[in-house]
Amino acid sequence: MKIILKEYLASLKERGDLDKAVLPNLLSEIGLRVLNTPMIGTRQNGVDIAAVGKIKGEDKQSYLYLFVIKAGNVRRNDWDGGAQAVRAELNEAREVYLRSNVSKEHAELPVKICLCCGGELEETVLMNWAGFTETNTTDDIAYKLWDGDRLAELMMRSLLARELLEEEPRRNFQKAIAMVNEPAACYDYTRAFLSDLLLEGHAEQKAQLLRLRQAYICLHAVTAWAVEADNLESTYRVSELGLLFCWNVVRVNEPKNKPTKYDKTLSLILDQFLKLYLTSSEMYFSKTAYAHGNTLHVLSVAVRSRESVDVNLAMFELLGRLAIRGIWTDHFSKGLTKADPKFAQSLAETTAQTLDAIVSVINTNPTLNAPIKDDHMIEIALVMYLAQQTGNVDRLLPWLEGISGKTTFSLIANSQYPTCHRDYRDLLSHPVSSDQSYRDEACVGSVLYPFLFLWMQYATDPENIVEFTERLQAKIPNCTHQAWFPDEDTDENIWSGNTDTGICVTDLSPQKGHDALADTLNQAIKTCPAVGELSAVKSGLSPMLLTACRHYRLPIPPNFWFLNG
């Protein structure tokens, strides 16, 4: 385990990884109180993180800890030669930070200035470090080296010790690390250790925080190894899963007008999980949709399969991921308009980039005009939700018109029309027959056709709408057209992946006409108010619900179909 941790720490970047993801959690768990963490665009005066307190089992009195953080190994050219060099920052910490940045309550404490790196001091720097520390150490100021070995030891002792982390999650964590090149296996083992850590109830707040920190450190290690192995599929899937599991713990804590220290710590940990997810998605799209979305067929060919089903499934998966990222960045850009206008503007530009990528991917990969699974309604609904949020509906209406025509034509031609089957082998052989009995089985129910039918009123001509309904009536007259709503038990189940929840509203056949369907859904929205009672929606984090729906393959509730009602 220690070898795994040392390798993980050595691979971390200084900004965003070591200084944001790992060290603050570790310091809190070993008994220190973190005073500040680094911010982009502000002068640090040599100090990346400041903390105060006693390290459990080591210190007999409180110290003011000042951390100078560097990524990987510290080499000879890192030691001297510039404002960001190690020696310059150590001097600045002593000469500037201690004089101008320390509050009165900590001014009398002895100081430990720690050089922290994920790797080690290389041999060419050891003599420089020894000479510097000997020259500048005083009765009140000491210098310490926190290298990868020291950090791994502290993590083993305070976060991942055998008495704190049971054998089962430890074993599953190690298996997840070993299988980062196999996304499905890595996901399963990650889910296993997250379940072990976060699904068991812990009444004590201290125990909950420990489990969340353990889960985050383990998850971050898995994603770091996956990035190292250049397998961004694993990175994306496990980071999204971790966010949902984290919310499952955080949601129980009701928001308060005056948040306690525990409330604030929970929010910070949730923020770390969310940043890990958004960072992972950014890396994923920078290698896929952002880089190659404009080139015809490139992403489809990259699936590397002769089976059209594989290409269809992969492209809709990519489309859904793009839509969810755009929904998150749009949500935060609107929420931060007043608090941080520059950051909000940056997020708005990211949302626009994502929306452009969605349009490009659709235009360059024709398979996205012909969904093979009925639950691809999820991806289509997410794209249209984002389009409405950003005022770009007109850009996507031709796509919806194309889908509505191709799906029903596929029924007529008996060629890979949308089916309820989810088993991969069934999808490969679909359709196995042109008999009505097979079509009744393959299309026993549908959430896709009611969604398409309601949107067709804005996307196409009345003649096409009539043709759409006539084709459905002729080929799948026994299909149960339906929609899904959360119920009062959904909040307890959805975040951990229990999909046996919710209410199914039927009687949504397009044969009834637009007004009848709209009335039925409006009545259902009134009589199924559980959506508004979900913890994520009440907390102003509707994208969390949409993320869970996409991740666990639950239909998007009609509450999110049309923003204008």
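User: What sits over the ring of Tyr-63?

Analyst: The charged end of Lys-112 does, 4.2 Å from the ring centre. A charge sits over a ring if NZ of Lys or CZ of Arg is within 6 Å of the ring centre and within 35 degrees of the ring normal. Another example is Arg-237, whose charged end sits over the ring of Tyr-187, 4.4 Å from its centre. A word on the source: this is a predicted model, where local features need pLDDT of at least 70 and side-chain atom pairs count only at pLDDT 80 or more, while totals for chains, interfaces and linings use all residues. Residues are numbered from 1 along each chain as its sequence is written, and side-chain values use heavy atoms, with hydrogens and water left out.

User: Why is the pair of Tyr-65 and Phe-67 called stacked?

Analyst: Rings of Phe, Tyr and Trp (its six-membered ring) pair if their centres lie within 6.5 Å; planes under 30 degrees apart count as stacked, over 60 as edge-to-face and the rest as tilted. The centres of Tyr-65 and Phe-67 are 6.1 Å apart and their planes are at 10 degrees, so this pair is stacked. A search of the whole structure finds 22 aromatic pairs.

User: What makes the pair of Tyr-236 and Tyr-284 tilted?

Analyst: Here the ring centres are 5.4 Å apart and the planes stand at 40 degrees, so the pair is tilted. Tyr-236 belongs to helix α10 and Tyr-284 to helix α11, 48 residues apart, and the pair links distant parts of the chain. Helices here are DSSP runs (H or I, at least four residues), numbered from the N terminus. Tyr-236 and Tyr-284 also form one aromatic cluster with Tyr-277, Phe-285 and Tyr-290.

User: How do you know whether Tyr-236 is buried or exposed?

Analyst: We use relative accessible area: buried means under 20%, exposed over 50%, and partly exposed in between (1.4 Å probe, protein chains only). Tyr-236 has 1%, so Tyr-236 is buried. Tyr-284 has 11%, so Tyr-284 is buried too.

User: Why does Glu-7 count as partly exposed?

Analyst: The relative accessibility of Glu-7 is 48%, so Glu-7 falls in the partly exposed class. You can find Glu-7 in helix α1 (residues 2–11). Its C-alpha atom is separated by 8.2 Å from that of Gly-119, 112 residues apart along the chain.

User: What makes Asn-392 buried?

Analyst: Its relative accessible area is 18%, so Asn-392 is buried. Asn-392 lies in the loop between α16 (377–390) and α17 (393–413). Leaving aside residues up to four places away in sequence, Asn-392 touches Leu-355 and Ala-387, where contact means heavy atoms within 4.5 Å.

User: How do you know that α26 is mostly covered?

Analyst: Of its 11 residues, 11 are buried; among them are Ser-542, Cys-549 and Tyr-552. Just after α26, Arg-553 takes a positive phi of about 65 degrees.

User: Which helix gives the most to the lining of the second largest pocket?

Analyst: That is α14, with eight residues. On a 1 Å grid over the protein atoms alone, a pocket is an open set of points where a 1.4 Å probe fits, with protein on both sides within 12 Å along at least five of seven lines; lining residues have an atom within 4 Å of a point. Helices α10 (232–250), α11 (261–287) and α26 (542–552) are among those that each supply at least two residues of this lining.
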